[in-house]
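Here are a few exercises to work through with the model open in your viewer. Try each one before you read the solution.

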Amino acid sequence: MLRLLRSTSVRLALGFATLFVASSLLLVGVLWWGTAEYLARETDAVISADTQGIRDDVTLGGAAAAAETIAIRAGQSPDGRAIYLMAGKDLHAMGGNLMTWPYNVPVKDGWYLRPLDRGDTTRLMRFRVSDLPEGLHLLVGRDVQDRTEIRSLIVASLGWAATAAFVIAILGGLLVRRAVLRRVEIINRAATAIVQGDLSRRLPTRDTSDEFDQLAQTINLMLRQIERLIEGVRNTSNAVAHDLRTPLAELRARLEGIIRNEERREQPGNNPVVDEIHQAVADIDRLIGVFNALLRLSEIDSGMRRSGFRAVALAEITTEVAELYGPLIEERGIDFVVDVPEDLAVSGDPFLLAEAVGNLVDNAAKYTPKGGTISVAVRLVDESHTDIIVADTGPGIDASEKSSVTARFYRGRAADGIGGVGLGLSVVEAVARLHGGALELADNAPGLVATLRIATKLPPAPAGASPELAASGIAAI
């Protein structure tokens with residue numbers, strides 16, 4: 001029921017049903033009030049006329065004349081709906097169709113609404129009590145039970161009508177919800193494919209020119225423009241990266257050739273020229289690494305790498321990362337703890353997952369001081385998500401910077417004097433997004449806890465994704 005109430009169509013249907021019932025109640029209430037007032041005025045007018053006529057008879061002809069008039073009028077109402085009673089000072093009946101004065105009607109001039117037993121039934125009566133000359137008392141009444149029954153009938157009818165209106169509204173809301181959700185689900189599937197990198201996907205239309213078609217056409221125009229812009233930027237960056245990697249690789253090869261030639265001369269002592277060439281080679285390697293990272297980010301964002309997804313044992317990945325970074329971490333005097341269950345597996349790209357974990361461990365190794373601790377753990381969150389957790393006891397990341405550190409080339413204040421170009425966490429965040437998860441950064445007091453949350457199972461790769469799996473190793477940026 002709560003799930004249905006979350007539906008906009010059902011809530012709208014219930015809202016319209018409530019408005020309909022409220023307006024119906026208001027309309028019927030006004031009609032009933034007007035009708036009841038009219039009937040009450042008519043009843044009071046008849047009672048007042050009878051009372052005045054009997055009063056006049058008493059004044060002109062005495063009690064006997066009034067009793068005769070009362071007998072005539074009572075005889076005109078054989079069903080007992082008209083009540084007449086004239087009584088003396090001792091309230092003994094002197095005329096009318098009641099034997100005794102009703103116990104619940106005061107002997108005091110005024111109007112009263114009281115129930116009265118009439119045979120086997122009790123009827124609601126409207127009475128007028130009047131004092132007559134010679135110490136007489138007059139009671140004139142009319143049966144108004146029908147008005148009460150009509151009111152009860154109207155209230156019951158409104159209750160049934162309100163219930164029927166709500167039931168019909170819910171059924172109508174469900175039908176509308178079904179029709180709307182069918183269109184929404186189609187849009188959701190297309191949007192999911194677009195998010196996963198299939199920018200050529202478009203929202204379907206039915207050529208009905210309804211609101212959904214108009215929305216889909218507007219979004220498709222926007223997607224076309226976005227695709228053109230992204231393709232332009234992607235092609236430019238890819239072209240630049242490809243074009244620069246080749247001359248950089250050739251330049252690196254020439255510099256290494258110069259180094260080998262200088263080393264063959266067997267000159268004693270340090271050669272500052274060779275040292276500078278070694279530094280230039282390191283700078284070139286760093287540039288090539290940046291270009292490789294940018295190309296990998298481009299592949300991840302496009303969804304191409306999803307075509308290479310397969311079952312990945314997380315224990316194997318973390319073991320490889322531990323074997324690669326373990327000696328370096330222990331050499332720095334840092335404790336390295338790995339806690340990974342053997343039976344946990346996910347669907348993903350093993351190379352990208354290894355690179356993401358490697359980047360997190362490399363960052364932790366850079367910032368954790370001697371005597372600190374770095375831990376790697378894998379935990380099954382639920383049936384749909386698994387966490388890879390890398391924690392350290394370094395300086396951590398300031399809360400104001402946590403939302404910015406995954407931006408490309410961003411380096412926080414703690415990175416001063418530490419190597420890197422600011423692409424490591426960008427790659428990790430992109431890998432997490434590709435695997436249906438996210439990168440979460442939290443305080444370790446002291447230090448940082450980086451959680452790479454990935455989906456245990458993912459839907460098939462989007463149509464049009466490249467079947468090629470570009471080779472990628474574990475390379476921290």
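**Exercise 1.** Is Asp146 buried, partly exposed or exposed? Work out what its side chain pairs with, too.

*Solution.* Some ground rules: this is a predicted model, where local features need pLDDT of at least 70, side-chain atom pairs count only at pLDDT 80 or more, and totals for chains, interfaces and linings use all residues. Residues are numbered from 1 along each chain as its sequence is written, and side-chain values use heavy atoms, leaving out hydrogens and water.

Step 1: Asp146 has a relative accessible area of 33%, so it is partly exposed (buried is under 20%, exposed over 50%, partly exposed in between, with a 1.4 Å probe and protein chains only).

Step 2: its side chain meets that of Arg81 in a salt bridge, 3.2 Å from N to O (a side-chain nitrogen of Lys or Arg within 4 Å of a carboxyl oxygen of Asp or Glu). Asp146 sits in helix α3 and Arg81 in the loop between α2 and β1, so the pair ties together parts 65 residues apart in sequence. Helices (H or I, at least four residues) and strands (E, at least two) are DSSP runs, numbered from the N terminus.

Step 3: Arg81 is partly exposed as well, at 33%.

**Exercise 2.** Find the salt bridge between Arg142 and Asp50, and say which elements it joins.

*Solution.* Step 1: the N to O distance between the two side chains is 2.5 Å. Step 2: Arg142 belongs to strand β5 and Asp50 to helix α2, so this bridge ties together parts 92 residues apart in sequence. Step 3: check the cover, and both Arg142 and Asp50 come out buried.

**Exercise 3.** Check the span of helix α3 (residues 145-195) against its residue count.

*Solution.* Step 1: the expected span is 1.5 Å times one less than the number of residues. Step 3: look inside the helix, where Glu185 and Arg189 lie four residues apart, about one turn. Their closest N and O atoms are 3.8 Å apart, in a salt bridge.
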